[in-house]
Amino acid sequence: MRVGELAGLVWRDDCLACGRVDASPAVEGLSLCRGCAADLRRVPSRVPGPGKLPVFTAGMYGGAHRGVVLAAKEQRRADAVRVAGAVMAGVLRHVVAEGLLPDPRLAPLVLLPAPTTRRAAKDRGGCVVRRAADVACAELGEGCHVVSAATMAPSSRDSVGLGRGERAANIAVNLRIDPGSVRRAARILRATGAAACIVDDVSTTGATLSGFAAALAAHGLTVDAAVVVAQA
Ligand SMILES: [Zn+2]
């Protein structure tokens with residue numbers, strides 16, 4: 001057996017998104033099959049968002065998109081967080097091309113990870129959305145910043161299983177803005193052409209996006225767009 005074949009066997013693994021075994025992963029050293037990689041590279045789309053906030057998604061919550069989110073959140077796979085971040089970066093580039101966000105090389109772009117409960121973040125080895133945002137930020141390069149401006153109170157409920165009204169109420173009551181972080185974001189956003197974008201893994205009812213945007217607005221910070229990995 002040649003060394004190349006041996007290496008192929010060593011790296012051969014279940015696709016992190018669909019579980020299918022693929023002897024030739026789409027990306028070297030990453031357990032992602034070619035089919036899922038192709039799905040995740042599809043052109044992002046704009047989805048009906050809350051109010052006037054433009055919301056863009058890499059895809060609907062199913063197939064590869066769902067697989068990546070679950071692998072990152074439930075299985076706590078670091079490689080899935082990397083993929084989620086890369087997908088997020090792809091959507092952000094699309095929104096930049098649409099002219100709704102600045103090219104970070106030309107004007108600062110602030111990514112604002114949607115808040116999760118500290119408990120959920122702890123259970124999941126650190127906030128998945130924040131970590132994916134860090135990956136996306138690194139891909140977009142200098143001029144891109146990540147600011148965690150809010151958390152959810154420890155008493156808040158995980159949004160899974162909650163209806164639209166319950167989600168909105170949960171966020172209204174439990175979202176905690178960190179004024180220091182908002183001031184830091186505001187300082188960056190003073191630059192000409194700068195913009196802010198909320199990032200999240202999944203948007204279901206849009207309640208988190210609208211609640212977070214409203215809370216930031218109450219602190220004087222305007223959000224220009226929102227980007228999610230998947231729209232449920
Ligand atoms: Zn796959």
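Student: What is the relative accessible area of Glu139, and is Glu139 buried, partly exposed or exposed?

Tutor: Please keep in mind that we are reading a predicted model. Buried means under 20% relative accessible area and exposed means over 50%, with partly exposed in between. Glu139 therefore belongs to the middle class, being partly exposed with a relative accessible area of 40%.

Student: With which residue does Arg93 form a salt bridge?

Tutor: Side chains of opposite charge can pair when their charged atoms come close. Here the closest N and O atoms are 3.0 Å apart, and the pair links distant parts of the chain, with Arg93 in helix H4 and its partner in helix H6, 46 residues apart. Arg93 counts as partly exposed at 40% relative accessibility, and the residue with which Arg93 forms the salt bridge is Glu139.

Student: How many residues apart in sequence are the parts tied together by Asp201 and Lys73?

Tutor: Asp201 forms a salt bridge with Lys73, the closest N and O atoms being 3.0 Å apart, and both Asp201 and Lys73 are buried. Because Asp201 lies in strand S9 and Lys73 in helix H3, the pair ties together parts whose separation in sequence is 128 residues.

Student: Which arrangement do the 4 donor atoms around the zinc ion make?

Tutor: The protein donors are the SG atoms of Cys15, Cys18, Cys33 and Cys36, lying 2.3 Å from the zinc ion, and along the chain they follow the spacing C-x2-C-x14-C-x2-C. Four donors count as tetrahedral if all angles lie between 85 and 135 degrees. The 4 donor atoms subtend angles of 107 to 113°, so the arrangement is tetrahedral.

Student: Is Cys33 buried or exposed?

Tutor: Cys33 lies in the loop between strand S2 and helix H2, 15 residues from Cys18, which sits in the loop between strands S1 and S2. Cys18 is partly exposed, with a relative accessible area of 36%. For Cys33 the relative accessibility is 3%, and because buried means under 20%, Cys33 counts as buried.

Student: Which element supplies the largest share of the largest nonpolar core?

Tutor: This core has 48 residues, of which Leu32, Leu101, Leu111 and Val227 touch the most other members. The core draws at least three residues from each of domain 1 (1-39) and domain 2 (42-231). Several elements each supply at least two residues, among them H2, helix H3 and strand S10, but the largest share, 11 residues, comes from H4.

Notes: Residues numbered from 1 in each chain as written. Predicted model: local features only at pLDDT ≥ 70, side-chain atom pairs only at ≥ 80, totals over all residues. Heavy atoms only, no water. Donors = N, O, S within 2.8 Å, 3.2 Å for Na, K, Ca; no water. Tetrahedral: all angles 85-135°; square planar, octahedral: opposite > 155°, others 65-115°. Helix = DSSP H or I, 4+ residues; strand = E, 2+ residues; numbered from the N terminus. Buried < 20%, exposed > 50% of the residue type's maximum accessible area, 1.4 Å probe, protein only. Core = buried A, V, L, I, M, F, W, Y, C linked by side-chain atoms within 4.5 Å. Domains from an automatic or database assignment. Salt bridge = Lys/Arg side-chain N within 4 Å of Asp/Glu carboxyl O.
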